[in-house]
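Here is a short report for a first look at this structure. Keep the sequence and the 3D view open while reading.

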Amino acid sequence: MDLLKKKFHEKSSALKAEMRALLKEHGGTDMGSVTLKNVFGGMRGVKSMVYETSALDPVEGIRFRGYSIPQLKELLPSRPGKKEPLPEGLFWLMLVGEIPTQEEVDWLSDEWEKRRIIPDHTFKVLDTLAPDTHPMTQLVIGITSLQSRSEFSKRYAEGMSKNDYWDPTYEDAMNLIACLPRLASYIYRRSFHDGNHIEPDDSLDWAGNFAHMLGVEGDLFKELMRLYLTIHADHEGGNASAHTAHLVGSTLSDAYLSFAGGMCSLAGPLHGLANQEVIKWVFEMIEQIGTRNPTKEQIAEYVQQTLDQGKVIPGYGHAVLRQPDPRFTAQRVFAEEHLSDSDLVQIVWKIFEVVPPILESLGKVKNPWPNVDAHSGALLVHFGMKEYSFYTVLFAVSRALGVLAALCWARALGTPLERPKSVTTAWVKEYLKSL
Ligand code: CMX
């Protein structure tokens with residue numbers, strides 16, 4: 001058994017024992033009431049699941065196992081001579097709760113390289129799709145086509161004990177994560193570069209190799225990918241993609257199907273697709289105003305026009321956050337350091353000055369600040385990646401780290417089938433009358 005798997009088994013076994021004791025002693029403790037607004041309002045804030053890998057504070061933002069993004073940038077190992085954290089380190093941290101050493105992270109890079117085996121049928125399935133099929137649709141099809149290799153499904157069919165579920169889930173999670181950069185870059189190159197594919201470079205790390213296979217050369221883009229794939233990885237369990245993966249996983253669907261389900265959820269414009277919507281909206285603004293150097297007044301007018309059309313301002317607002325998203329800030333810091341002279345980056349910064357007061361003035365938007373999706377497009381376009389329908393796939397590759405680490409935990413802790421209660425409006429009216 002490899003060291004990471006062994007550590008995970010030890011830690012999860014200990015927490016499972018603690019969890020059982022907690023439930024035995026405090027199982028009846030009230031965790032807060034549910035209001036009618038919660039029931040009709042998308043369950044905002046209702047505590048309804050356990051999710052170990054990260055936690056979200058409305059003001060501070062995301063913490064992975066207690067560490068903020070600036071702390072992770074300091075503490076997680078990077079590539080020798082480079083600065084940005086390696087996503088391998090974050091996966092290790094989320095899975096076992098410890099900051100890994102350089103040696104451990106290097107081991108994980110090598111391990112994912114060894115496990116990066118994509119069957120021919122996956123490439124064949126993708127090649128049958130119309131090249132203009134949305135990249136997220138292609139990704140979900142690619143992931144589900146890999147499912148034939150699921151260790152969990154194989155062992156379940158053979159009659160595995162409940163106590164062993166965690167073991168093949170770990171194997172599936174590691175194998176799937178290993179394949180994703182290759183799968184995603186295959187989709188990118190077939191959709192936008194005439195199927196002119198680029199072979200992996202095994203001297204590189206997971207994110208660096210992804211950058212290489214996408215065909216965007218240069219050290220700085222590799223650094224951006226390391227940062228990008230780290231900060232998008234997880235956002236506690238209640239966000240739509242993580243929750244969907246958790247829900248699907250709770251039926252004992254394997255890691256491939258659970259992750260594919262989660263990615264269908266990420267593909268919605270209120271969630272991960274917002275990163276493509278932001279840059280599309282910015283391009284349309286540039287075209288309409290007729291300059292790449294719009295004034296704040298011109299931007300404000302365009303924002304108002306979007307609102308008047310009954311649309312949301314993409315990249316702004318959040319269901320939980322009540323401050324600028326630290327993931328936005330991390331990208332801004334990267335841009336300040338490396339590409340502050342990009343006109344598109346300048347526009348993103350101007351939008352940041354213009355949008356919040358306008359959204360605040362509507363009197364209903366709970367969070368007028370930018371979220372993670374407000375900045376990424378401007379960075380990617382700078383490096384030549386203009387095909388914005390691909391952006392959510394980048395998010396998806398990163399999100400695998402969090403939701404698959406969380407699925408390992410769910411299997412190890414034996415979390416049950418999710419089955420919340422729904423009610424009809426007629427039932428609500430009767431209930432209110434009875435009070
Ligand atoms: N532009 C315009 N109106 C907005 C808005 C925005 N960016 N954000 C919220 N609102 C509106 C809502 O549509 C809602 O209006 P109605 O009452 O008329 O339906 C009202 O403000 C209250 O919404 P809220 O409680 O502040 O926000 P929610 O928790 O309901 O929704 C979110 C959160 C992200 C869906 C919403 O802010 C939004 O649509 N943002 C734009 C899309 C986006 O950037 N999504 C990416 C989020 C990050 C991610 O998951 O990747």
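## A buried asparagine

Asn 38 has a relative accessibility of 16%, so it counts as buried. Buried means under 20% relative accessible area, exposed means over 50%, and partly exposed lies in between (1.4 Å probe, protein chains only). Asn 38 belongs to helix H2 (residues 36-40). Helices (H or I, at least four residues) and strands (E, at least two) are DSSP runs, numbered from the N terminus.

Which residues does Asn 38 contact, leaving aside neighbours within four places in sequence? They are Ser 33, Met 43, Arg 44 and Val 46. Contact means heavy atoms within 4.5 Å.

## How to read the model

This is a predicted model: local features need pLDDT of at least 70, and side-chain atom pairs count only at pLDDT 80 or more, while totals for chains, interfaces and linings use all residues. Residues are numbered from 1 along each chain as its sequence is written, and side-chain values use heavy atoms, with hydrogens and water left out.

## Two more positions

Gly 272 is buried, because its relative accessible area is 0%. It sits in the loop between helix H13 (255-266) and helix H14 (274-289). Leaving aside neighbours within four places in sequence, Gly 272 touches Leu 266, Asp 373, Thr 392 and Phe 395. His 232 is 40 residues from Gly 272 in sequence, and their C-alpha atoms are 9.8 Å apart.

Gln 346 is in helix H17 (residues 343-361). Is Gln 346 buried or partly exposed? It counts as partly exposed because its relative accessibility is 35%. Ser 389 is 43 residues from Gln 346 along the chain, and 22 Å separates their C-alpha atoms.

## Helices that pack

Helix H8 (residues 151-158) packs against H9 at an angle of about 155 degrees, with the axes 8 Å apart. Therefore H8 is roughly antiparallel to H9. Axes are lines fitted to C-alpha atoms, for helices over the stretch in contact, and angles run from 0 to 180 degrees between N-to-C directions. Angles under 35 degrees count as roughly parallel, over 145 as roughly antiparallel, 65 to 115 as roughly perpendicular and the rest as oblique. From H8, Glu 151, Phe 152 and Arg 155 meet Asp 167, Pro 168, Thr 169, Glu 171 and Asp 172 of H9. Two residues of this contact are nonpolar, one is polar and five are charged. Here Ala, Val, Leu, Ile, Met, Phe, Trp, Tyr, Cys and Pro count as nonpolar, Asp, Glu, Lys and Arg as charged, and the others, Gly among them, as polar.

Helix H4 (residues 87-96) and helix H5 (residues 102-115) cross at roughly 100 degrees, and their axes come within 9 Å. So H4 is roughly perpendicular to H5. Their contact holds six nonpolar, two polar and two charged residues.

## Rings and charges

Rings of Phe, Tyr and Trp (its six-membered ring) pair if their centres lie within 6.5 Å; planes under 30 degrees apart count as stacked, over 60 as edge-to-face and the rest as tilted. The count by this rule is 17 aromatic pairs. One of them is a tilted pair, Tyr 188 with Phe 390: the centres are 4.9 Å apart and the planes 50 degrees. Tyr 188 is in helix H9 (residues 166-192), and Phe 390 is in the loop between helix H18 (373-382) and helix H19 (391-413), 202 residues apart. Both are buried.

Arg 332 lies over the face of Trp 349, 4.7 Å from the ring centre. A charge sits over a ring if NZ of Lys or CZ of Arg is within 6 Å of the ring centre and within 35 degrees of the ring normal.
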